[in-house]
Amino acid sequence: MKITFCCADTHPRAWIEGLRAALPLAELSVWQPGDPQADYAVVWTPPQQFMDEQPGLQAMFNLGAGVDGLLRLKLPAGVPVVRIEDAGMAVQMAEYVCHAVIRHFRELDAYAADMARGEWTFRKPRQRRDFPVGVMGLGVLGQRVAQALAHFEFPVNGWSRSPRQLAGVTTYSGAESLEEFLGASRVLVNLLPLTPDTRDILNAATLSRLQPGAYVINVARGAHLVEEDLLAQLESGHVAGATLDVFRTEPLPADHAFRRDPRITLTPHTSARTLREDCLAQIVGKIAALERGEALTGVVEGTRGY
Ligand code: NDP
């Protein structure tokens with residue numbers, strides 16, 4: 001079995017060693033132009049040339065949950081694209097989002113600023129019922145986040161494409177219920193995949209439908225958010241703060257307006273990191289399942305874009 005590795009911004013050595021330890025009989029290589037056809041590929045934002053030269057793969061494993069970077073390319077027909085499902089990312093996402101929601105809810109930034117000024121002030125406790133959180137996307141990551149928030153007894157709403165049932169979460173589905181979902185939410189957490197339907201979905205129209213004093217937490221993709229619309233909503237006071245992990249341009253330019261706004265908390269696309277051991281175990285398990293002729297989960301449906 002031949003496995004080729006073609007991952008931008010990733011040091012291949014440890015990945016190849018991990019694959020070799022798990023699949024000692026496999027022939028492993030870091031892809032070079034002109035290489036012979038492989039059976040399987042592990043990829044992250046590969047070049048178009050890779051796709052053109054590897055039309056006969058049995059499967060292509062995307063080294064991440066989001067496949068938007070891959071689906072921009074012209075993919076070889078009939079090659080299944082398999083994405084990473086969880087592999088240690090869901091718990092990271094849950095801790096990141098819960099931390100952000102709780103920081104906003106408990107006004108921890110304001111307390112820290114008070115203390116830095118030498119003050120000792122108490123703010124009126126907020127009520128959870130005034131702080132409903134809406135999670136956009138109820139997939140592998142969104143479900144875990146919604147359930148973690150429900151565990152902290154926040155009222156939680158969830159929005160997905162098809163109807164979903166989730167304990168402790170009021171669910172909405174489809175474009176026709178988006179307004180109602182937004183109107184029922186004060187904090188908006190975005191965990192949608194980036195597709196033609198979801199690009200720019202955090203915009204003036206949707207943000208203004210949130211309850212006043214809103215907070216926006218974007219942990220999915222930068223292109224979901226119309227950045228100037230968020231700044232305008234902050235300026236009007238309708239949105240009180242934001243926590244952003246992903247940006248239209250990454251790395252975020254040093255002079256970007258977001259960097260100067262104290263109401264915005266920024267992190268460098270780190271809310272849920274790819275964990276090598278967990279990902280390798282998942283990919284190796286899925287290759288074994290394919291070799292046994294079994295069906296896989298996590299196969300991307302090109303027509304819906306995720
Ligand atoms: P899933 O594919 O498991 O879930 C996607 C969810 O979004 C599903 O509930 C789906 O609905 C819903 N959805 C898709 N399109 C629409 C639409 N048009 N309208 C309403 N709902 C829609 O993805 P994951 O949970 O694994 O990952 C989500 C995203 O998180 C990734 O695509 C990636 O961009 C991002 N991510 C970010 C990371 C970071 O570090 N910042 C790390 C990992 C992922 P349905 O249930 O009906 O299918």
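This is a predicted model: local features need pLDDT of at least 70, side-chain atom pairs count only at pLDDT 80 or more; totals for chains, interfaces and linings use all residues.
1. The core. The largest nonpolar core holds 79 residues, and those touching the most other members are M93, V97, V145, V189 and V216. Helix α4, which spans residues 89–105, supplies the largest share of this core, with 9 residues. At least three residues of the core come from domain 1 (2–87 + 274–292), and at least three from domain 2 (89–266).

2. Surroundings of V145. Which residues does V145 touch, leaving aside those up to four places away in sequence? They are M93, A94, V97, V135, V189 and L191. Among these, M93, V97 and V189 are listed with V145 as touching the most other core members.

3. Helices α4 and α6. Two packed helices are described by the angle between their axes and the distance between the axes. The axes of α4 and helix α6 (residues 140–151) cross at roughly 45 degrees and come within 8 Å. Because of this angle, α4 is oblique to α6. The crossing in which α4 passes α6 is right-handed. On the α4 side, the contact is formed by M89, A90, V91, M93, A94, V97, C98 and V101; on the α6 side, by V140, L141, R144, V145, A148 and L149.

4. Helices α1 and α11. Helix α1 covers residues 12–22 and helix α11 residues 276–291; their axes come within 10 Å and cross at roughly 45 degrees. The two helices, α1 and α11, are therefore oblique to each other. Here α1 passes α11 in a right-handed crossing. The residues that meet are A14, W15, G18, L19 and A22 of α1 and R276, L280 and V284 of α11.

How values were computed: Residues are numbered from 1 along each chain as its sequence is written. A nonpolar core is a set of buried Ala, Val, Leu, Ile, Met, Phe, Trp, Tyr and Cys residues joined through C-beta atoms within 7 Å. A residue is buried if 20 or more other C-beta atoms lie within 10 Å of its own, exposed if 12 or fewer, and partly exposed in between; C-beta atoms are placed from the backbone. Helices (H or I, at least four residues) and strands (E, at least two) are DSSP runs, numbered from the N terminus. Domain bounds come from an automatic or database domain assignment. Two residues are in contact if their C-beta atoms, placed from the backbone, lie within 7 Å. Axes are lines fitted to C-alpha atoms, for helices over the stretch in contact, and angles run from 0 to 180 degrees between N-to-C directions. Angles under 35 degrees count as roughly parallel, over 145 as roughly antiparallel, 65 to 115 as roughly perpendicular and the rest as oblique. A crossing is left-handed if the near helix is turned anticlockwise from the far one by less than a right angle, and right-handed if clockwise.
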